Amino acid sequence: MKTKLAKSYVDTFRGLSTEVWWLALMTLINRAGAMVIPFLSLYLTEGLGFTYAQVGWIMSAFGIGSVAGSWLGGKLTDRIGNFKVMVISLIFSGLFFIGLQFFREFEWICVGVFMTMLATDMFRPAMFVAVGLYSKPENKARSISLIRLAINLGFSAGPAIGGWIIANISYNGLFWIDGVTCMIAALVIMLTLSPKRAKVVDELDESKKGLPEHDGLFMWFALAMMLFGFVFMQYFSTVPLYYAEVRGLSEPDIGLLLAFNGLLVFLIEMPLVDWLERKKADRLLLMLFGGLLLVFSYLVLNWFGWMGILVVGMILMSIGEIVAFPFSNTFAMERSKRGKAGAYMAMYSIAFSISHIFAHNAGMQLIDKVGYEMMLYAMAGLGLICCLILFAVKNMQDAEVDG
């Protein structure tokens with residue numbers, strides 16, 4: 001029985017192109033290498049002695065750089081191609097990560113962090129376009145799931161490796177290793193990917209050269225994704241505080257609960273996405289379902305005092321994430337064939353970058369002003385608005401097809 005289950009799990013990875021596997025490996029190297037990011041606040045306060053107010057401004061530069069990088073990456077992808085943008089992004093990310101350790105003044109740290117994130121997040125729209133081009137239409141959602149799996153594994157391994165490097169080498173060693181891993185990832189791309197092959201796998205609709213800003217349906221979709229990201233990100237900032245201060249969980253218990261999310265994504269996402277793809281389920285309805293699960297993951301925390309409900313809430317959130325993210329990304333890829341693919345995928349990335357800038361601070365402000373219970377209801381409310389927008393987008397799409 002165990003052997004059959006293992007074989008079924010492995011089978012969900014079959015049929016993906018070699019290039020997608022190389023992209024996943026490169027993403028794993030790159031994400032595991034981005035070890036500076038989880039320790040950035042600690043480095044700025046303990047290593048350089050900045051105040052919390054100064055760190056706040058530096059993290060704002062971080063977020064603005066992320067938005068600018070996503071936008072620039074999309075523009076350059078449409079101009080010079082995703083292959084060149086990925087290589088340029090990784091090389092300059094490596095150089096900026098290495099150079100960041102030599103900045104000491106507040107103003108230069110702000111500039112350095114902005115430029116580092118600008119270079120780093122140029123990569124995302126180019127990578128999304130590459131995944132779409134190297135994937136058959138029926139495999140796109142699974143290809144995205146494989147990339148997400150690589151990202152999750154990289155983020156899991158990165159902080160552990162980074163903590164060891166800080167303890168045994170230094171913060172400087174962290175910057176050097178981050179930079180070098182980015183350059184290794186660039187080398188992997190240059191040695192393994194063929195820009196020419198991508199043109200054979202997928203073609204854009206050359207008759208429609210529009211920008212996403214002129215695509216009303218897509219802009220409403222991007223707004224829904226921004227709200228989804230806003231609500232989802234609370235699970236990694238304000239919800240852990242809720243676990244500790246309201247439910248009385250210890251740090252190790254909170255860590256286990258968050259690790260459970262990663263385990264569920266690792267075990268369930270590929271088989272579930274494979275099954276849903278074979279069923280040819282409507283992507284927008286799947287996103288809507290994922291959004292509703294996210295909404296209920298917040299509501300049950302307020303409705304039930306039983307401690308086990310924390311696990312139930314995490315399961316609801318995790319399945320909502322598993323359903324919503326791969327198919328939203330696939331929807332954006334497919335919609336991008338109406339015009340400039342880089343610009344479309346940049347807009348998709350920007351939606352999450354914007355939510356990243358405001359989500360954590362807004363959640364904290366809500367806790368301070370109205371308390372945890374109302375914060376949870378507020379997040380459920382925003383999630384419901386996201387679902388209503390997705391329902392409207394679904395109707396708009398149906399009207400397009402009928403028209």
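Modeller: The chain has 16 helices and zero strands. The model is a predicted one. Of the 403 residues, 51% count as buried. Among contacts in the chain with a separation of 6 or more, 86% are between residues 24 or more positions apart.

The part to look at is the end of helix 13, which covers residues 251–278, together with the loop between helix 13 and helix 14.

Start with the pair inside the helix. R278 and D274 both lie in helix 13, four residues apart, which is about one turn of the helix. Their side chains meet in a salt bridge, with an N to O distance of 3.4 Å. R278 has a relative accessibility of 58% and so counts as exposed. D274 has a relative accessible area of 13%, under the 20% cut-off, and is therefore buried.

E277, also in helix 13, reaches another part of the chain. The side chain of E277 forms a salt bridge with that of R142, at 3.6 Å from N to O. R142 lies in helix 8 (residues 140–168), so this pair ties together parts that are 135 residues apart in sequence. Both R142 and E277 are buried.

Next comes the loop between helix 13 and helix 14, where K280 lies. Most residues other than glycine have a negative phi. K280 is not a glycine, yet its phi is positive, at about 55 degrees. With 73% relative accessibility, K280 counts as exposed.

D282 is in the loop between helix 13 and helix 14 as well, and K394, its partner, is in helix 16 (residues 341–402). The closest N and O atoms of the salt bridge between K394 and D282 are 2.8 Å apart. This pair links distant parts of the chain, 112 residues apart. K394 is buried, with a relative accessible area of 13%. D282, at 25% relative accessibility, counts as partly exposed, because that value falls between the cut-offs of 20% and 50%.

Two packed helices are described by the angle between their axes and the distance between the axes. Helix 11 passes helix 14 in a left-handed crossing. On the side of helix 11, the contact is made by F221, M225, F228, V231 and F232, and on the side of helix 14 by M287, G290, G291, L294 and Y298. Sorted by type, the residues of this contact are eight nonpolar, two polar and no charged.

Helix 14 then meets helix 11 through a contact without charged residues.

Terms used:
Residues are numbered from 1 along each chain as its sequence is written. This is a predicted model: local features need pLDDT of at least 70, side-chain atom pairs count only at pLDDT 80 or more; totals for chains, interfaces and linings use all residues. Side-chain values use heavy atoms; hydrogens and water are left out. A crossing is left-handed if the near helix is turned anticlockwise from the far one by less than a right angle, and right-handed if clockwise. Helices (H or I, at least four residues) and strands (E, at least two) are DSSP runs, numbered from the N terminus. Contact means heavy atoms within 4.5 Å. Ala, Val, Leu, Ile, Met, Phe, Trp, Tyr, Cys and Pro count as nonpolar, Asp, Glu, Lys and Arg as charged, and the others, Gly among them, as polar. A salt bridge is a side-chain nitrogen of Lys or Arg within 4 Å of a carboxyl oxygen of Asp or Glu. Buried means under 20% relative accessible area, exposed over 50%, partly exposed in between (1.4 Å probe, protein chains only).
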